[in-house]
Amino acid sequence: MYLTREQEKMLNGEYGWATAKAIELIIRVGEALGADRLIQVKHAHVSGVSYSNIGKYGLEFIVDFYKRGGRARVYTTINPGCIDYSGFSTIIDNKYMSEQKVIDDALIGMGFKPVFTCIPYYYRPPVQGEHLAWGESSAVIYANSIYGALTNREGGPIALAASITGYTYNAGLHLLENRVGRIIVKLDPVVKNTPMGAIGLFIGDVVKKTPVLHGLENIDFSELKILLASMAASGSHALAIIPGITPENTYRVEVEEELTIEKQDLEKYMGESLDLKHKSTSSVLGYLGCPHLHPLELLQIVELIRKYGRVRRGSLLLTLPPEYLDKYSFLINELRARGVDIAAGTCPVVSVFNKKKYDYVLTNSGKAAFYLRRIHGLKTIITSLREVIRYICGY
């Protein structure tokens, strides 16, 4: 691999131990993937920061880089941790508060922005064609597919190393030759009203090459976010090409196959039946905010809940960036007064539930359904945002 003089100095330890180890990690991964050189990144987003996921050894890895001089050289944001930064939630258990604080202090000490969210594009929307080093699968696929940015689906250590060095390896989706749509995916008209979370899980599970998605011309922002995050959860996708949305000149299309999604294809991804009339309503959790809620989604939820009045059965959990606690405090306070549980800077995928057991989770998020089934062993039902609120808050 070709290295510039500055990169050689980094590798030789002239910028300190942390920088040397970070660039060594990037070089080794890059060489394994056939990269010819390193490239500068504009924004790193570090995932793998939740103590409930990474444990003692992950904590020690992060703290070691901090104590031995690791500092951000580029704009860097942080994924959610495992504690509720609002202090309001009765659903998220803050049992690892002291351990998460150690991680957070180290990350902030390295100069990373403490946004604690999986939607870093809310804080800094990427520019078409710029190189990123992002962890968090839902953010990566959004950056590539919607903004036309260039990032691989990095693990937390590589994103951290890219922040400290300012570089990543020139391979994968940083190269136009690898951003090629192979499979045309169409929706049968019958399934166009099916929740996007279920459609995304199907595509991620079944379609193994980069899909070109047709029939999404009228999809709204919220559904698009849910679709892409769900695809990335059940599969390895980091890019989906959506004609009319994905910026031109950031991909090519070389069709190998066409696939039409039909109603029967989606049944196993939908989960349990939504008809819960004869089941206990106290053990049902409605969950919205995976990925974290955008302000437009938050406002939509507030308006819907106002229509019904308040939570009437089970529980309703919303997860969002900590910044909203101040920025939208009037909305947060109103939601809490109406019986909604708010958790900031975390989500059930990277945290621990309190001792209350839920028989069913209603969510619009295929990603949440995918991981809640596997991590917490919960039965999940995928439906629309409106239906989640209607069931939990309706008469």
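A residue counts as buried when its relative accessible area is under 20%, as exposed when that area is over 50%, and as partly exposed in between. Keep that scale in mind for the two residues we'll stop at in this predicted model.

Let's start with Trp17, which lies in helix 2. Its relative accessibility is 28%, so Trp17 counts as partly exposed. Which residues does Trp17 touch, if we leave aside its neighbours within four places in sequence? They are Asp64, Phe65 and Arg68. Gly70 is worth a look too: Trp17 and Gly70 sit 53 residues apart in sequence, yet their C-alpha atoms are 8.1 Å apart in space.

**Two helix pairs**

Two packed helices are described by the angle between their axes and the distance between the axes. Here is how that works out for two pairs.

| Pair | Angle | Axis distance | Crossing |
|---|---|---|---|
| Helix 2 (17–32) and helix 6 (156–165) | about 125° | 9 Å | left-handed |
| Helix 3 (51–67) and helix 4 (97–109) | about 35° | 9 Å | left-handed |

Take helix 2 and helix 6, with their angle of about 125°. That angle makes helix 2 oblique to helix 6. On the helix 2 side, the meeting residues are Ala18, Thr19, Ala22, Ile23, Leu25, Ile26 and Val29, and helix 6 brings Pro157, Ile158, Ala161, Ala162, Ile164 and Thr165. Sort the residues of this contact by type and you get 11 nonpolar, 2 polar and no charged.

Now for helix 3 and helix 4, packed at about 35°.

**His237, tucked into a loop**

Our last stop is His237, found in the loop between helix 8 (221–234) and strand 9 (252–261). Is His237 buried or exposed? With a relative accessibility of 5%, His237 counts as buried, because the cut-off for that is under 20%. A polar atom of the His237 side chain lies 2.7 Å from the backbone oxygen of Val207. Val207 is also among the residues that His237 touches, not counting those up to four places away in sequence; the others are Ile141, Arg153, Ile203, Gly204, Lys208, Lys209, Pro211, Met231 and Ala232.

Key:
Residues are numbered from 1 along each chain as its sequence is written. This is a predicted model: local features need pLDDT of at least 70, side-chain atom pairs count only at pLDDT 80 or more; totals for chains, interfaces and linings use all residues. Side-chain values use heavy atoms; hydrogens and water are left out. Axes are lines fitted to C-alpha atoms, for helices over the stretch in contact, and angles run from 0 to 180 degrees between N-to-C directions. Helices (H or I, at least four residues) and strands (E, at least two) are DSSP runs, numbered from the N terminus. Angles under 35 degrees count as roughly parallel, over 145 as roughly antiparallel, 65 to 115 as roughly perpendicular and the rest as oblique. A crossing is left-handed if the near helix is turned anticlockwise from the far one by less than a right angle, and right-handed if clockwise. Contact means heavy atoms within 4.5 Å. Ala, Val, Leu, Ile, Met, Phe, Trp, Tyr, Cys and Pro count as nonpolar, Asp, Glu, Lys and Arg as charged, and the others, Gly among them, as polar. Buried means under 20% relative accessible area, exposed over 50%, partly exposed in between (1.4 Å probe, protein chains only). A polar contact is a pair of N or O atoms within 3.5 Å; within protein, one must be able to donate a hydrogen and the other to accept it, and residues adjacent in sequence count only if both atoms are side-chain atoms.
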